[in-house]
Amino acid sequence: MIVKTKHMSSKLVFLKEFIRNPRMVGSIVPTSRVAIRALLDPVDWRAARCAVEYGPGTGVFTQAILRRLGPDGRLIAIDTNATFIALLREQIADERLICVEGSATDVEAIVAAHGFTAADYVVSGLPFSTLPRSVADAIMDATARVIAPGGAFLVYQYSLFVLPLLKRRFARVGKGVVMRCVPPARLFWARKAA
Ligand SMILES: C[S@@+](CC[C@H](N)C(=O)[O-])C[C@H]1O[C@@H](n2cnc3c(N)ncnc32)[C@H](O)[C@@H]1O
């Protein structure tokens, strides 16, 4: 994997895209390293064949997932923002990464189009609380269907907004909080029954 990260310029792109579309981007800075590790570490990434990331933005989670994924795994990163998708394609040269400009609402069709019947893990950076409620519900429903039995939906947020949405659709929902970032990050691991 060759990662060519221009850290400052990625942060500026992020801020610029937030100013252009605050409700879709939902945050002025990318997620901190400590929150990324806390969300990803409880999962066995080496065993995953198909992982999906919603809302990769400038790719801070994307790179961390690729470092954990095995050689035969694939990561499908889906973002509605064309600037972010172009940045990922330019900065991350890794044949396991598939960048898709599209919406998480279409995850089932996107996963199928890349030859998979289900996803082992889905990681979400979507700002659920600022998305239209119908979009948030459609993404939750599609995600609950696309995850393989025994798989999980990993979500990070800055509020507890998603907790009831997850509990309604998943057998078990674990939660955590990372205080060492501003604002504190809420983490959720929603598991599908095996
Ligand atoms: C808070 S940013 C997260 C960026 C990055 N994952 C991070 O942790 O720094 C939210 C991202 O979700 C994307 N997004 C918003 N609605 C989306 C949707 N329906 N489907 C896919 N991506 C979406 C935005 O374009 C943005 O890149």
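**Salt bridges and surface patches in a predicted model**

In this predicted model, R133, D137, D141 and R169 are tied together in a network of salt bridges.

Q: What makes the contact between R169 and D137 a salt bridge?
A: The N to O distance is 3.2 Å, and the cut-off is 4 Å between a side-chain nitrogen of Lys or Arg and a carboxyl oxygen of Asp or Glu, so the pair qualifies. R169 sits in helix α8 (residues 163-169) and D137 in helix α7, 32 residues apart, so the pair links distant parts of the chain.

Q: Why is D137 called partly exposed?
A: D137 has a relative accessible area of 21%. Buried means under 20% and exposed means over 50%, so D137 falls in between.

Q: How do you know that R145 and E108 form a salt bridge?
A: Their side chains meet at 2.9 Å, N to O, and the limit is 4 Å, so this one counts too. It also links distant parts of the chain: R145 is in helix α7 (residues 133-146) and E108 in helix α6 (residues 107-113), 37 residues apart.

Q: What makes R68 and D41 a salt bridge?
A: The closest N and O atoms are 2.8 Å apart, against a cut-off of 4 Å, so the pair passes. R68 belongs to helix α4 (residues 60-68), while D41 lies in the loop between α3 (33-40) and β2 (50-54), 27 residues away. D41 itself is partly exposed at 47% relative accessibility. Across the whole structure, the search turns up seven salt bridges.

Q: Why can L15 count towards the nonpolar surface patch?
A: Here too the area has to be over 30%, and L15 reaches 34%, so it gets in. L15 is also in helix α1. Together with L12, I19, I28 and V29, L15 makes a patch of about 460 Å².

Key. Residues numbered from 1 in each chain as written. Predicted model: local features only at pLDDT ≥ 70, side-chain atom pairs only at ≥ 80, totals over all residues. Heavy atoms only, no water. Patch = residues over 30% accessible without salt bridge, like charges linked within 9 Å, V, L, I, M, F, W, Y side chains within 5 Å. Areas by Shrake-Rupley, 256 points an atom, 1.4 Å probe, with all protein chains shown as cover. Helix = DSSP H or I, 4+ residues; strand = E, 2+ residues; numbered from the N terminus. Buried < 20%, exposed > 50% of the residue type's maximum accessible area, 1.4 Å probe, protein only.
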